[in-house]
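Please open the structure in your viewer and keep the selection tool at hand.

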Amino acid sequence: MTLILKQIFAFFRMLNSETGSNQLAWGLALGLVLGFSPFLSLQTFLVLLICIFLRVQMGAAFLSAFFFKFVAFLLDPLTDFLGRKVLESEALRPAFVELYNMPIVPLTRFNNSIVMGSGLLGFVLAIPMFFIFKRLIQQYRVTVVARYKGTKIWKAFAATSFYKWYNKYEELYG
Amino acid sequence: MTTTSGAPTPPVKKPKKKGPIRTEAAVPLLIVIVLTWAYFHFLFDRHLRSGLEYLGYQVIGAQVDIANLETSFWKGSFRLQGLQITNSQKPDRNMVAIGDIRFDVLWDGLLRARFVVDEMAVEQIQIDVPRKSPGRVKPPEPIKPEEKGPSAMEKLKDKALQQTEQTYNQNVLGDLAAILGGGSSADQMAKIEGTLQSKERLKQLEASYAEKSKVWQEKINALPKPKEIDALGAKIKAIKTSNFKSPQELVESLNQLKAVAEEADQKYKQLQETGNTLNSDLNQFNQGLKELDALVKKDIAELETRFKIPKLDAKNLAQSIFRPYIEPYLNRFTEYRGMAEKYMPPNLMKKGKPDEAEIQIQPRPRADGVTYEFGKPRAYPIFWVKKISISSKASPTLGTGDLAGLVTDVTSNQILIGKPTTASLKGDFPSMSISGFEFKGIFDNLKADSKISYDMKVAQYPLVGRPLIQSSDVSIAFEKANASIESKGQLVALREFEFTLGNYIKQVDYQIQAKNEVVDEILKNVFKSLPVLTLDVKGEGRLPGLGLAINSNLGPELQRGFENEVKRKIDEAKLKIQNYINEQVGKEKAKLEAEFNKVKGQVDGEVKKLQAQLDSKKQEAEGKMNSAKKDEENKAKKGVENEAKKAAEELKKKLGF
């Protein structure tokens with residue numbers, strides 16, 4: 001839990017800094033995939049491994065996953081419909097039969113209509129959403145953060161010894 | 001670089017740029033892996049054991065104990081030892097205890113997210129053995145406030161039970177004893193006077209008759225009187241019907257006759273209408289009297305049930321005696337069926353339509369979607385235990401039986417493997433004196449409706465202290481007996497059940513006690529005369545309402561035994577009820593019927609008589625009209641002939657003949 005909280009704090013700190021927009025955007029996009037995937041499935045495990053081993057902002061991924069889980073719940077009827085259409089497609093039937101009887105692949109639970117529908121939606125949306133998230137982060141930094149840092153209140157706060165102490169602490173321990 | 005004060009500033013250490021791979025995550029991940037391994041190695045088996053015990057308790061409703069449980073992830077193996085399932089009816093005994101269950105899960109299947117077991121071994125089976133300490137039994141769940149009142153299922157069950165109770169008096173021997181005791185029912189009859197439906201209906205009919213009879217009398221009085229009809233006859237006679245002097249006279253006579261005929265016709269119509277109305281009223285009332293007859297019969301039947309007058313026929317006796325004997329087995333079967341319906345995966349068995357759709361407002365659950373199985377020949381279904389070998393060697397110390405059996409193809413998708421689940425068991429339990437146990441069962445889910453069929457028999461098993469009848473008047477128990485049993489049956493869609501059961505009980509020491517000496521003696525003699533007691537049951541129906549046909553050689557013997565003593569008493573009691581009904585309803589009913597018949601006769605006679613009179617007068621008028629017309633025609637004809645003759649004579653004269 002501490003680790004997750006630490007990552008979430010790091011997300012907000014990075015969001016308000018001037019670096020790491022790619023890490024944040026990837027984190028949010030992968031979080032979307034996590035949100036749209038069932039918890040106990042191979043794809044969740046793989047995405048988690050990517051989040052752990054690649055320099056992706058994990059706090060962003062967790063927050064995004066949490067948010068998109070609710071979105072996925074609301075989209076259940078749509079994803080169910082989409083999944084049924086795909087799984088019942090005659091053209092894809094031989095491929096699914098092969099995949100279903102292959103080792104490892106069934107662990108993705110792709111044969112469930114909701115998993116298939118939401119998985120498709122998640123993976124298709126991940127790349128465009130990466131660019132959208134990146135753009136939004138940049139916009140946020142230019143409009144909200146810059147304006148906020150120009151206020152007198154912020155300047156007064158930045159001049160306090162507490163803030164300097166906090167900055168030093170962050171430099172030393174990250 | 002220098003500061004404004006001129007002192008050199010230390011060079012700012014540029015942070016090392018980090019690559020895309022997060023190498024520092026390796027250590028935490030390793031820790032997570034080690035912790036996971038440690039959990040599965042040291043704690044998982046214990047937690048799984050506790051979880052299974054808890055689950056078993058919740059599902060079966062009685063304590064489930066597991067002595068030892070071992071799993072291995074790498075080998076894919078599972079071993080469960082010392083399984084004990086408490087008997088919820090007798091918590092100091094185990095319903096079943098199994099020494100060892102072990103199987104290996106195929107990795108080949110696990111990698112495909114399927115649970116496939118080649119062979120499962122089940123050993124050291126004990127049935128109904130005592131426990132070291134009594135097991136916990138789950139208390140019945142409290143009724144939630146919103147669920148108070150019987151559910152649709154309970155209502156159905158109650159209805160079935162009620163029907164059964166009404167059909168089969170379960171204390172028939174007690175009732176026979178009561179009849180022999182000769183208790184007076186006169187006082188009780190006096191108390192139920194107001195509850196007789198026939199009496200109520202009779203009162204209604206009497207009131208209705210009193211009201212209607214006035215109307216009927218008025219209508220009879222309003223009918224045309226014979227004098228009026230005779231006057232019509234006189235009128236007809238007075239009208240001239242021949243020797244008309246002029247055509248005007250004829251027309252006048254005809255008009256008079258027509259007027260009389262019309263008057264007669266009107267009266268006829270009035271008579272007919274009144275007759276029809278009266279007849280319809282009388283028919284209605286007659287229907288009421290027929291209903292009264294039916295109610296009298298119903299009241300007699302109800303009184304016979306109320307005063308527990310037994311039906312002394314073999315079939316009824318067998319039904320009444322053996323139904324309570326069979327009931328606990330059927331109840332247990334219904335319990336297991338309910339359990340299967342509750343816990344079996346929906347796509348596996350619940351194919352039958354529910355009795356009543358449950359409509360409840362509830363939040364939308366997270367949708368499950370549809371899980372497709374893209375099977376191909378020789379593919380694994382999601383769950384498949386190919387073979388369960390059951391073997392157990394008899395051991396007097398352990399109380400285990402000699403049992404060998406095979407269960408094949410327990411699976412989540414029989415269509416994929418193309419085979420039904422079959423089970424066959426054979427063995428003896430010498431420590432319990434049970435021998436020749438055989439069971440064959442098939443669970444076929446290949447068609448739209450699942451079908452479970454079984455065929456079982458036990459060549460010999462002991463019956464010790466098993467009660468057959470226990471009532472305040474009579475108690476019969478098998479103190480010691482040897483029995484054998486055979487049963488076949490099938491359950492379709494977990495609803496439609498049919499079965500046959502044959503139970504043969506021999507070498508019986510009965511324990512018979514009856515308050516009434518005669519009954520005691522008859523029962524002792526009857527049971528003594530039966531070397532083998534047979535019980536044949538045939539059941540069929542949609543659960544929970546199961547129709548049972550029970551036959552036993554005990555029935556005819558008891559009938560014969562009791563016939564002489566009890567038949568007279570039963571007939572007496574029946575006659576008493578018949579007399580009581582006659583007294584309460586019969587006299588009044590007869591009086592009412594007599595009055596009604598009198599009125600009916602009066603109406604019929606009067607209407608017929610008047611109708612005949614009117615008919616004759618009408619015919620008379622019509623006859624006269626016809627004769628007048630004919631007379632005038634003849635006259636005209638004669639005139640024409642005379643004229644023709646005259647003309648011919650004149651012509652002859654002119655021609656000189």
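What pLDDT does chain B average? Select chain B of this predicted model: its average pLDDT is 77, and 80% of the residues score at least 70. For the model as a whole, the scores are ipTM 0.73 and pTM 0.57.

Next, colour chain B by pLDDT. Strand 1 of chain B (residues 64–72) has the highest mean among the elements of that chain, 94. Helix 3 of chain B (residues 152–167) has the lowest, with a mean of 51. Now select residues 163–169 of chain B, over which pLDDT stays under 50; the model has seven contacts there beyond four places in sequence. Residues 350–365 of chain B also stay under 50, and the model has 14 such contacts for them, beyond four places in sequence. Where pLDDT is low, the predicted coordinates should not be read in detail.

Then display both chains. Here 19 residues of chain B are in contact with 23 residues of chain A. The side of chain B that touches chain A comprises eleven nonpolar, two polar and six charged residues.

Finally, select helix 5 (residues 76–87) and helix 7 (residues 113–149) of chain A. Their axes lie 7 Å apart, and the two helices pack at an angle of about 100°, which means that helix 5 of chain A is roughly perpendicular to helix 7 of chain A. Show the side chains at this contact: helix 5 contributes residues including A:Phe81, A:Leu82 and A:Arg84, while helix 7 contributes, among others, A:Ile114, A:Met116 and A:Leu120. By class, this contact of helix 5 with helix 7 of chain A has nine nonpolar, five polar and three charged residues.

Methods. Residues are numbered from 1 along each chain as its sequence is written. Chains are lettered from A and ligands numbered from 1 in the order in which they are written. Axes are lines fitted to C-alpha atoms, for helices over the stretch in contact, and angles run from 0 to 180 degrees between N-to-C directions. Helices (H or I, at least four residues) and strands (E, at least two) are DSSP runs, numbered from the N terminus. Angles under 35 degrees count as roughly parallel, over 145 as roughly antiparallel, 65 to 115 as roughly perpendicular and the rest as oblique. Two residues are in contact if their C-beta atoms, placed from the backbone, lie within 7 Å. Ala, Val, Leu, Ile, Met, Phe, Trp, Tyr, Cys and Pro count as nonpolar, Asp, Glu, Lys and Arg as charged, and the others, Gly among them, as polar. pLDDT is the predictor's confidence in each residue, from 0 to 100.
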